[in-house]
Amino acid sequence: MHYSIFSLARAALGGHRAWTPAWRDAQPKPEYDVVIVGGGGHGLASAYYLAKEHGLANVAVLEKSWIGSGNVGRNTTIIRSNYLLPGNIAFYERSMRLWEKLERDLNYNAMVSQRGVLNLYHSDAQRDAYARRGNAMRLCGVDAELLDARQIRKMLPFLNFDNARFPIQGGLLQRRGGTVRHDAVAWGYARGASDRGVDIVQNCEVLGFAFEKGRVAGVETTRGPIRAKKIGLAVAGNTSRLAALAGLRLPIESHVLQAFVSEALKPLIPNVVTFGAGHFYVSQSDKGGLVFGGDLDGYRSYAQRGNLPAVKDVCEGGMALMPMLGRVRLLRSWGGIMDMSMDGSPIIDTMNIPGLYLNAGWCYGGFKATPASGWCFAHLIARDEPHPAAASFRLDRFARGAILDEKGQGAQPNLH
Amino acid sequence: MRIPCPYCGLRDLSEFLSLGESPGARPDPAAADAARRFFDYVYLRDNPAGRSEEYWYHASGCRSWLKLVRDSRTHAIESAVLARAAR
């Protein structure tokens, strides 16, 4: 069903009984051309672009739970392309351009809201670093504005400008950044893929791989064996576990990242704001809740829940930035499992087993990358060559010494 | 999460830093395949889900390195001994 003002009016006149499910909950077939493991944002986007851009429709997405139950529904919904390194900027800007036309492309309301992402700076050195980042962005055709404290006071008068230790001196603003309703991204891609013939198979956990003549030939699942010519892994958080089933070790650790939402408030925070002196970022959802987060807990975890020290650290950052937060009640907090790679950058590449493809290592920046990740992964799977925009995300970059370390932390994944 | 430091007793997580799983012994830089061994040592991880052996540092306490046996699915700690004693 095509969604439009007319379909809405027709359905309304019929008492809204005419709506059909947005996508098919498919039964697994015995064989596919391509199987994507992982029904999150990246997996569903990959399947969508495989069908739409490469004409491959005999595709299945296997999800161990329900689609969108993992990190695509656990992030803080921020989109931006304010990167510094050449290998990253082009990729994330491609993602931003795909976000900008996503809803028309999918015929689905993902509530893309380009409300601006503002990174605050609190020292001369940090201003210089942000000026450099902004210049790098502008050289690559990405929008960036360096604001001083006076301009920010006009936008966000409630911030703690005159903090004795971390006064706000200004910020780097990307106006095209913003937020997107993350569940709708999963559902929209699922609908688009399903309409083009992709099977979305839920409650289907992959338990192992089948190999024939040195090639991957299929997967063993909780719903039986499924043969496939090509298999793409898009299971960030659990990539190491799945790779281990194929006998591979990866430059990835799984870490827990917590996020928080407050009770609903009247419109208060107009854009996405990040604190430059600690790690804290906040935006306001359309339901009114303040959505915020900060650092990783700092230890390996598959538990999807965190501990109190990280909660305290995030709340202290929030209080330092906007003391009014102290009067807001926290509604919920949750954890997601991040694929922390050894240089803080993702991996979109073939693996050393023919037919097996890897999309992993998104650290805690995977959501904003969803469209470009799906775009580039579909290109890789369909054509067996990396997409130029993801050319820096090769798996062998660690062995070659060509790491893409945006933060400059080295091989210490809990610090990226 | 609280960690039973063998020296300080049961202490809060906020006092500790996690190094993660042990990468094993540092390779010999003079070995013929040193580049491959260092790649393995620096970058590759088992990253197991479940029972794991990890190194932790009691930074805001006795400043000892500890070897923990911990479940990465539940955060339950099976044992914590001084890393020096575990060697």
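Is Cys140(A) buried, partly exposed or exposed? Cys140(A) is partly exposed, because its relative accessible area is 42% (buried means under 20%, exposed over 50%, partly exposed in between, with a 1.4 Å probe and protein chains only). This is a predicted model, in which local features need pLDDT of at least 70, side-chain atom pairs count only at pLDDT 80 or more, and totals for chains, interfaces and linings use all residues. Residues are numbered from 1 along each chain as its sequence is written, chains are lettered from A in the order in which they are written, and side-chain values use heavy atoms, with hydrogens and water left out.

**Where the chains meet**

- In chain B, 25 residues are in contact with 24 residues of chain A (contact means heavy atoms within 4.5 Å).
- The two chains bury about 2,200 Å² between them, 48% of it on carbon and sulfur atoms (buried area is the accessible area, with a 1.4 Å probe, that two parts lose on being put together, summed over both).

**Charged and polar links**

- The rule finds four salt bridges across the interface of chain B and chain A (a side-chain nitrogen of Lys or Arg within 4 Å of a carboxyl oxygen of Asp or Glu).
- Arg300(A) forms a salt bridge with Glu54(B), and their closest N and O atoms are 3.3 Å apart.
- Between chain B and chain A, 16 residue pairs are in polar contact, both at pLDDT 80 or more (a pair of N or O atoms within 3.5 Å; within protein, one must be able to donate a hydrogen and the other to accept it, and residues adjacent in sequence count only if both atoms are side-chain atoms).

**Arg80 of chain A**

- Arg80(A) sits in the loop between strand S3 (78-79) and helix H3 (86-100) of chain A (helices, H or I, of at least four residues and strands, E, of at least two are DSSP runs, numbered from the N terminus).
- Arg80(A) counts as partly exposed because its relative accessibility is 24%.
- The side chain of Arg80(A) makes a polar contact with the side chain of Asn82(A), at 2.6 Å.
- Beyond its neighbours within four places in sequence, Arg80(A) is in contact with residues including Tyr92(A), Met96(A) and Lys368(A).

**Cysteines**

- The structure holds zero disulfides over all chains (a disulfide is a pair of cysteine sulfur atoms within 2.5 Å).
- Cys140(A) is in no disulfide, and the nearest cysteine sulfur, that of Cys376(A), is 16 Å away.
- Cys204(A) counts as buried because its relative accessibility is 1%.
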